[in-house]
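Let's take a walk through this protein together, one piece at a time. Have the sequence and the 3D view open while you read.

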Amino acid sequence: MVGEPRVLELRIHGVANAPPAETLSTTSELVERKSGDEQGSFWRVRTATTPRTPMRSLRRLAKRPGRVDLVTEAYSWGNQARSGGSALAVIGRAFVHLAWLLVLPFGLCNLAYWGRRDIKGADEAQRIWEGGDGARAIRVFALLQTLFYATGLLTVGVNLVALGCFPTNGRVCAALPGFMDGLASWSPVSRSALLAIVPVAVLLLLYLVGLRARGSFDPARSFDQEQDRDPAPAGEVERERSEPMPPEVPPRPPLLSSAVFWQGTRSAQLSERTHLAAVLAFVLLVLATDAHMGTDGAVSLADMTPPGSLAPESAIPFVAMVAGALLLLGAVVLAIAGGMSGARVEVRTKRAWATALLWVAAIGYTGWTLWAILTQRTSARADDDVLVGAVVVPTALAAVGALIALASLTWGYRRPVYRIVAGLLIVSALACVGWAELGWTELGIGDLTADRATLSLIALGLVALAVIVSYLPQLLEPRERERNRLAGWHGNAAAVMLLTAWFSSLVLTSLVVLGVHAWLTTKTGDPDTEDIWRLLPAEAPADAAAEPPIPLPAFYERFAALLVVILVLLILIVGVGAASALRRFPAFSLPTLRFPAGTPAWMRDRDAYLGGTRRLVPEEGGARRGTRDDAGQLLVPRDRYPETEHVTSGRLRSVVQARRVAGLAHRGEPVLTVLAALTAAALVFLGIPYLGELLEGGAGGTAGEPAASAAWESLKGASGWALGLTSLAAVAWVVTNAVTSTERPLGLIWDIVSFFPRAGHPFSPPCYAERAVPEVKKRVMRFIDDEYADGRDPQVILSAHSMGATIAVAAIFALAEEDEHGEPSPAGPRTRRVALLTHGVQLRAYFSRFFPEVFGWRVLGVRGTSGPSLFRSDPWSRQVLAEDAAPLVPLGSPQDPPSLVEHLGGDLRDPEKPRPPRWRNLWRRTDYLGFPVFSYWNTKPGADVDPIDRGATERSPSSYLWTVARHSDYLSTTQYVAARDELVAMLTDGERDDPDVRREPAGPGRPPGDGEP
């Protein structure tokens, strides 16, 4: 016997981290925490209180007599994405936020892992779980990022300070504190060994900051796990498939339904130890190589030879160099093997190898440091003025990182021939660059000779040919073209994210290097100094010659100049796109508003679209004019989207202006495309040094140095100001934010980066969803089981705003997996008792396109969408026209695994008899982060065509004065009440209270808001 229905409305906030009182539409003194802690908690309104609503009429709508017992809770998860500062003092919190800024490139690398076209789940792969195409390459890319950071910090500590600030004529950089003057008597080897602690210390600090944040909400101990099943070991194959699935179909089950998805990165300890070991081995290799080059008189890597004797002076650097190279090679091997399953080599064994590698690297690095400081402090070895590794390594890392991003263009294609051909071209290009730069300027093979310029140009041609091969499938194969049309950046999300990650790494390291160089080379004005130098009377000769400025590695100086070009071009392109959107009032397709039964007329008028005061005008040339249906919705002609709309003044102008501004924010995808393309072009000149020299003004200078042009010198001058202002603005922004609050340092991008498990880079921000998703699932399970045990009929509505929708969707998939493989509930399958109400979400427009294997349109069970345009008035006009011309049904096949729509009881594949799911989504055109999840068309004359999406008023109902509603203010709208009523009726199987659909345009004689009490 079914008991009395009881519905839990569990509200999940979005990126703004709305406090529980705001999520519950009441005041802070009227809410109380029912369970949880500071990181994640569930809140309710105190007993015998009434939730606050803006108007008494809306309160009556929400609490009409005869309704089911509705219990509202708020889930607060925002502090999980803001860990690292709440328990610290203001100064400590500022440093933590600066550390989070430094790990942003690592988080972007982690996004690239989940943005690939082909991701294998642990229960989908073959005997060796490789994670799909490109998983190993991304782990190598992540290791290169860490080493690139280490290179920049090594440049600061050794190249600029240890070598540049202590010349041989008794001078020291005046910017350095006085207690460092004693280092002037040390040898370059000993000073370098001491100050090489800088990269090790900084990267260890980044690791500790992330470790502290992860420890505060470790999913293994954050909440009760007594009823949870033990997941399979990380990376271990649950079952083997005899036939691999077609690559166009998401893994079975989808990743969000995998029992080990949120525990799939337990190899993080393996990756973290591998990266730390790689940093120690890399520092040891660079220092030992530089020292060995000094012992045998070598001037380049190609001239180096093993020592001629076993004397410690020459043997120890050679042995340390070889040891560092072997340890670094071992780190690369472990980085590649870290994502494989335990079918052949157990994860525990690989973790033991990583631990041993870390210990050996630490012992080797410590031994080198002690040997250099204790025995080489007064060495008579010739003084160095530059660290060779700081000159060679950044170029090599930039080249390899760029080529990995290039290789990602072929990941996920059905035919491996494209990957093979592109891979051979990339390897050949890398070989040509290495051949040209390692000192062998001539290669004789019979009558064939190749100099540095020829090899560099051959490498450039091979790279261009690899790009062409990578795009051939999209040009020649219609299936690939159609699939990639509905994916972000035409299926190249991994490439764009890798290039963006590399760009941010370049910017941050260049800021540090050039900033420290500018600080060291600034005149102090002290009378005891000479130019930038502080004299040491006990050591400086009376006739000491003037010391030249501290040398700066050409790589960072070159990128700083290219950065000015990138920023100027990006600003120009974005400016043109903004001008195309702002030079007219665009006409938009608008969702239909629905109201609960019994809504007063004045409330309908208040929420209306002001349709009675708006008219469309024909475009130039006599183009067709748009019309309206009886609901006041704009009907777009199929041949041309109407571009302009006549706007009078007042509130309508404010609303349309808000729509235009929201449309500007929707153009982020094409802007990132431009940034990635400009970064790729810059990496060509950075990764092939000869081309960079040509860019600077020619390769015909003295001793191979380029003769810099006046234009290049102007760029370098501008780059100093640009980088300086950028660094000051970034630091001021982060520090101010840390002082005033404990908010996340980088807004929306931070919450997106922190959502996905750390599978790419181990130092990326901790994944809050590892706790939030199981916690929401646990709350739903307990409510259903407990209420059913008490004789009631429990139902749950997950009401999610913005990024909270990703948590809700993942929790529903996790709940479905629990229903299938976990302990059965006495109430039956729990997913049949769950509904979803989303508002202001990015599920289809962003997540399904950027992460097609995790949140793809087939995973969601909705129709895919094409990308926005940078130069159109409405960035989504192409999609609006496509949805107007084609049946609004998903493009999936019956062979697809169960989607979100199917888990919520829907079936939208049959256009004749679609079964709507228990899912409603609210959106508005003035929302810069809110989109429909099925179609931009809610209705056409006489028929409903969208079973999920509903419109929300563009007027803020919670403000005292008339204000345009944007990304918030959904919970207080009458449309929210109507959508919730629909879901309650579907859950309880009672007599459906059909919401009243607005079918007539608002009259102009009564402005919205008049008549409110």
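Start with helix 15 (residues 493–520) and helix 19 (residues 668–687), whose axes come within 9 Å and cross at roughly 60°. Here, axes are lines fitted to C-alpha atoms, for helices over the stretch in contact, and angles run from 0 to 180 degrees between N-to-C directions. Before going on, bear in mind that this is a predicted model, where local features need pLDDT of at least 70 and side-chain atom pairs count only at pLDDT 80 or more, while totals for chains, interfaces and linings use all residues. Residues are numbered from 1 along each chain as its sequence is written, and side-chain values use heavy atoms, with hydrogens and water left out. As for the element numbers, helices (H or I, at least four residues) and strands (E, at least two) are DSSP runs, numbered from the N terminus.

Which residues of helix 15 and helix 19 meet? On the helix 15 side they are Val 496, Leu 499, Thr 500, Trp 502, Phe 503 and Leu 506. Facing them in helix 19 are Leu 672, Leu 675, Ala 676, Thr 679, Ala 680, Leu 683 and Leu 686. Contact means heavy atoms within 4.5 Å. Sort the residues of this contact by type and you get 11 nonpolar, 2 polar and no charged. For that count, Ala, Val, Leu, Ile, Met, Phe, Trp, Tyr, Cys and Pro are nonpolar, Asp, Glu, Lys and Arg are charged, and the others, Gly among them, are polar.

8 strands form an open sheet in the order 2-3-4-1-11-12-13-16, with mixed pairing. Two strands pair if DSSP finds at least two bridges between them. At the edges sit strand 2 (31–36) and strand 16 (949–951), each pairing on one side only. From one strand to the next, the twist averages 25°.

Begin at the strand 2 end: strand 2 pairs with strand 3 (residues 41–45) in the antiparallel sense over 5 bridges. There you can find Glu 32 opposite Arg 44.

Next comes strand 1 (residues 5–12). It has 7 of its 8 residues buried, so the rest of the structure largely encloses it. Buried means under 20% relative accessible area, exposed over 50%, and partly exposed in between (1.4 Å probe, protein chains only). Strand 1 runs parallel to strand 4 (residues 69–76), joined by 7 bridges, and also parallel to strand 11, joined by 8 bridges. Look at Arg 6: its bridge partner in strand 4 is Asp 69, and in strand 11 it stands opposite Pro 794.

Strand 11 (residues 793–801) pairs with strand 12 in the parallel sense over 6 bridges, and Ile 797 stands opposite Ala 835. Strand 11, helix 24 (residues 804–821) and strand 12 make a right-handed β-α-β unit.

Are the residues of strand 12 (residues 834–839) buried or exposed? 6 of its 6 residues are buried. Val 834, Leu 836 and Thr 838 are on one side, with Ala 835, Leu 837 and His 839 on the other. Strand 12 also pairs with strand 13 (residues 919–923), parallel over 4 bridges, and there Leu 836 stands opposite Trp 919.

Terms used. Right-handed = clockwise from strand over helix to strand, strands pointing away.
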